[in-house]
Every structure is written in structure tokens, then in C-alpha cells.
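Please look over the model below before reading the comments. The note is written for a reader who is new to protein structures.

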Amino acid sequence: MQELITLTMKEQERYEIIKESLRGRIRVKDASLILGLCIRQIYRLRQKVKKEGIKGIIHHSKGKVSHRKMSKK
């Protein structure tokens with residue numbers, strides 16, 4: 001059974017740029033300029049996408065309850 005993955009527009013754009021970078025169609029430096037991230041962060045995202053696929057782009061706290069959430073009382 002396939003899992004449904006929901007991305008924001010920003011995450012979808014990041015994934016496409018990182019994917020192009022992995023394919024060698026754009027340079028890491030160009031990807032960093034497009035996404036507004038440092039080169040080091042692009043390399044980190046590339047590693048996560050290689051390892052986890054599209055899930056590597058999604059923020060890991062997405063969908064979780066905040067630790068700072070106040071109780072209803």
C-alpha cells in the first residue's frame with residue numbers, strides 16, 4: 001500500500017531543485033542561490049533525498065503536537 005505524502009509548495013520546489021542537482025543538471029551553488037540556502041545546507045538536503053527520497057524534504061516535526069502546547073484548562 002502506498003503512503004500519501006503531502007508537500008507544501010515550498011517543499012515541492014525544494015525537492016525539484018535538489019533532484020535536478022542530484023542529476024547534475026544544475027550546480028550546487030546555483031541550487032543554493034535559487035533556494036536561498038547555504039551550500040552546506042544543499043549538500044545536507046541532497047544526502048537526505050538520496051537516503052529517504054521525497055520524505056527527506058519534509059520537516060520532521062510536521063503533523064506532531066507542539067511541546068509548548070497549553071492544556072485546555
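The numbered points below go from the whole chain to single residues.

1. Basis of the note. This is a predicted model, in which local features need pLDDT of at least 70 and side-chain atom pairs count only at pLDDT 80 or more, while totals for chains, interfaces and linings use all residues. Residues are numbered from 1 along each chain as its sequence is written, and side-chain values use heavy atoms, with hydrogens and water left out.

2. Fold. The chain contains three helices and zero strands, in the order α-α-α from the N terminus. Helices (H or I, at least four residues) and strands (E, at least two) are DSSP runs, numbered from the N terminus.

3. Overall form. The chain is more spread out than a compact globule, because its radius of gyration is 15 Å, well over the 11 Å that the globule rule gives for 73 residues. That radius is taken over C-alpha atoms, and the rule is 2.2 Å times the number of residues to the power 0.38. Along its principal axes, the C-alpha trace spans about 55 × 35 × 20 Å.

4. Burial. Of the 73 residues in the chain, 22% are buried. Buried means under 20% relative accessible area, exposed over 50%, and partly exposed in between (1.4 Å probe, protein chains only).

5. Charge. The chain has 20 positive and 7 negative side chains, and the centres of the two sets lie 9 Å apart. Lys and Arg count as positive, Asp and Glu as negative; His and the chain ends are not counted. Each charge is placed at NZ of Lys, CZ of Arg, CG of Asp or CD of Glu.

6. Nonpolar core. The largest nonpolar core has 10 residues, among them Tyr15, Ile18, Val28, Leu45 and Ile57. H1, helix H2 (28-35) and H3 each give two or more residues to this core. Such a core is a set of buried Ala, Val, Leu, Ile, Met, Phe, Trp, Tyr and Cys residues joined through side-chain atoms within 4.5 Å. Beyond four places in sequence, Leucine 45 touches Ile18, Leu37, Gly56 and Ile57; contact means heavy atoms within 4.5 Å.

7. Serine 21. This residue is found in helix H1 (residues 9-23). Is serine 21 buried or exposed? It counts as buried, at 4% relative accessibility. Not counting residues up to four places away in sequence, serine 21 touches Ile26, Val28 and Arg46.

8. Isoleucine 54. This residue is found in the segment after helix H3 (39-52) and, at 27% relative accessibility, counts as partly exposed. Leaving aside neighbours within four places in sequence, isoleucine 54 is in contact with Ile5, Leu7 and Tyr15.
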